[in-house]
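Here is a guided tour of a protein model for anyone who likes to have the chain open on screen while reading. Please load the view below and follow along.

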Amino acid sequence: MEGNMKKILVVDDSALMRRIICDIISADNRFFVQDMAANGEEAMSLLKEHSYDAVILDVIMPKMDGIAVLEQIRRLGIETKVVVFSTTTTEGAATTIKALELGAFDFIHKPNAILEAKTDHFMERFLSILDCATQREEPMVEKIKEGKGKMVSEEKGSNKIVAIASSTGGPKALQEVIPYLTTDLDAPVLIVQHMPAGFTASLAQRLDELSALHVQEAQDGMEICKGNVYLAQGGKHMEVAQREGRHYIVLKDGPTREGVRPCANFMFETLGASGYDSVVCVVLTGMGADGTQGIQNLSKQKSIHVIAQEKSTCAVYGMPRSVVATGIVDQIEPLDNIASAIILNAGVK
C-alpha cells in the first residue's frame with residue numbers, strides 16, 4: 001500500500017502538533033508520514049538521507065528554524081515540496097512571505113489549539129494543499145486563438161487596465177513580474193492573489209520594496225491610478241466601481257466563490273461595466289479555475305488580451321490550464337516573459 005502513497009516528512013518542535021498532523025495525514029490513504037523531526041537540524045539530516053514527496057515545516061523552531069531549513073534545501077538542491085506553517089501576526093506574515101520567496105510551495109495557518117486542528121475546515125484545506133503539492137499533472141493540448149504572440153503597443157493615452165489572477169506559487173511568481181513593470185506603464189494594475197486576511201499587507205510591502213511602481217494593499221474607496229499596483233486584501237472580494245469618470249476599489253465580504261475570497265472572477269467581471277476601453281488579463285500559477293469564468297464574461301463586454309503563464313514555469317498549472325482550455329487565451333508565456341508581454345500590450349506613457 002505504501003508504495004503508491006506519498007511520503008511526508010513532518011517537522012515541528014511541538015510533540016503534540018506532530019501527533020495531530022500525523023493523525024490527519026494517516027487517516028488519508030493518499031499519504032503516509034515516513035519521518036518526523038523536532039527541529040531544523042533533525043530535518044536536514046533526514047532530508048540529506050531520504051527523499052520525500054512533501055515536507056510539512058514549522059517556521060519557528062529551536063536548532064535551526066524553518067527559514068534556515070528552506071535556505072539549506074535551496075543551497076543543496078534538494079527536490080521536495082515544502083508546505084510551511086504560518087501565524088497571522090505581522091512578524092509571522094512577513095516570515096511566511098520570506099518562506100515563499102525561498103521556494104516553499106504554499107502555507108497554511110498553524111492551528112492555535114487542538115480543537116481548531118480537528119475542524120473539517122482545517123483538515124480539508126490542509127489535505128487539499130498536500131494533495132496539490134504531491135500531484136504530478138497530466139499533459140494537455142493547449143489551445144489558443146490565432147495570432148498567439150501578437151503583441152501590439154497602442155498609442156499613448158490609451159485607457160487600459162491590467163488585471164492579474166494568481167494563487168498557489170503566486171507570491172513568488174509576482175516577484176518575477178511586478179518588479180519588472182516600468183514606471184511609465186500606461187495602465188494601473190490590479191492583483192487578486194488567493195491569501196487569507198493578515199498576509200496581503202506583507203506581500204504588498206515586499207513587492208513595493210522590489211518594484212519601481214507603487215504596490216499597495218487595496219483599501220475600500222481607494223482611487224485607481226496609473227503607476228500604481230493594487231493587491232486585493234486577504235479575506236475580501238475586490239471589485240471596481242466608477243464615479244464621475246474615475247475608478248475606485250470596492251471591497252466586499254460576501255460568500256466565497258471558487259472556494260476563495262478574494263476571487264478573481266469578481267474582479268474581472270466588474271471591469272465589464274467600467275470605463276476602461278480594454279483589459280489586459282493575466283492568469284498566473286494556481287490551483288483551481290478562478291479567473292476563467294470572469295474573463296469569459298468580461299470578453300462579452302470589453303476588448304481583452306489574455307496572457308496565461310506557461311505550464312513548466314508554474315508551481316501549479318490549474319488556473320492557467322483552465323483558461324487555456326477555453327481557447328480565449330492570446331498568449332502563453334513563461335514566467336520571465338510575462339512582464340514584457342504586459343508592457344507591450346498595456347503600452348507606455
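Glu244 sits in the loop between β10 (237-243) and β11, and its phi is near 50 degrees, a positive value in a residue other than glycine. With a relative accessible area of 84%, Glu244 is exposed; here buried means under 20% relative accessible area, exposed over 50%, and partly exposed in between, using a 1.4 Å probe and protein chains only. Helices (H or I, at least four residues) and strands (E, at least two) are DSSP runs, numbered from the N terminus.

A word on the source: this is a predicted model, in which local features need pLDDT of at least 70 and side-chain atom pairs count only at pLDDT 80 or more, while totals for chains, interfaces and linings use all residues. Residues are numbered from 1 along each chain as its sequence is written, and side-chain values use heavy atoms, with hydrogens and water left out.

Two other backbone spots are worth a visit. Most residues other than glycine have a negative phi, and most peptide bonds are trans. Met64 has a positive phi, near 90 degrees, and belongs to the loop between β3 and α3. Its relative accessible area is 27%, so Met64 is partly exposed. At Pro262, the peptide bond coming from Arg261 is cis, with omega near 15 degrees. Pro262 is part of the loop between β11 (246-252) and α9 (264-270).

**An open sheet**

Which order do the strands of the open sheet follow? The order is β2-β1-β3-β4-β5, 5 strands with parallel pairing; two strands pair if DSSP finds at least two bridges between them. β2 (31-37) and β5 are the edge strands, each pairing on one side only. From one strand to the next, the twist averages 25 degrees, with axes taken as lines fitted to C-alpha atoms and angles running from 0 to 180 degrees between N-to-C directions.

Let us look at β4 (residues 81-86), where 5 of the 6 residues are buried. On one side, β4 runs parallel to β3 (residues 54-57), and 4 bridges join the two. Within this pairing, Val55 stands opposite Val82 and Ile56 opposite Val83. β4 is also joined to β5 by 4 bridges, again in parallel, and here Asp106 of β5 is the bridge partner of Val83. β3, helix α3 (residues 66-76) and β4 together make a right-handed β-α-β unit. A crossover is called right-handed if, with the strands pointing away from the viewer, the path from the first strand over the helix to the second runs clockwise.

**Around β13**

Is strand β13 (residues 303-309) largely enclosed or open? Since 6 of its 7 residues are buried, β13 is largely enclosed by the rest of the structure. Strand β12 (residues 278-283) runs parallel to β13, joined by 6 bridges, and Val280 stands opposite His305.

**Two pockets**

Rolling a probe the size of a water molecule over the atoms shows where empty space is left. On a 1 Å grid over the protein atoms alone, a pocket is an open set of points where a 1.4 Å probe fits, with protein on both sides within 12 Å along at least five of seven lines; lining residues have an atom within 4 Å of a point. Grid points are joined across faces, edges and corners, and a volume is the space filled by probe spheres set on the points.

| Pocket | Volume | Lining residues by class |
|---|---|---|
| Largest pocket | About 920 Å³ | 14 nonpolar, 14 polar, 7 charged |
| Second largest pocket | About 490 Å³ | 10 nonpolar, 8 polar, 5 charged |

In these classes, Ala, Val, Leu, Ile, Met, Phe, Trp, Tyr, Cys and Pro count as nonpolar, Asp, Glu, Lys and Arg as charged, and the others, Gly among them, as polar.

The largest pocket is lined by 35 residues, and the closest to its centre are His121, Arg125, Pro196, Gly259 and Val260. β5 (106-109) and α6 (120-134) each supply at least two residues of this lining, and α6 gives the most, with 6 residues. The second largest pocket has 23 lining residues, with Thr80, Lys81, Gly103, Phe105 and Ala315 nearest its centre. α6 and α7 (170-174) each supply at least two residues there, with α7 giving the most, 3 residues.
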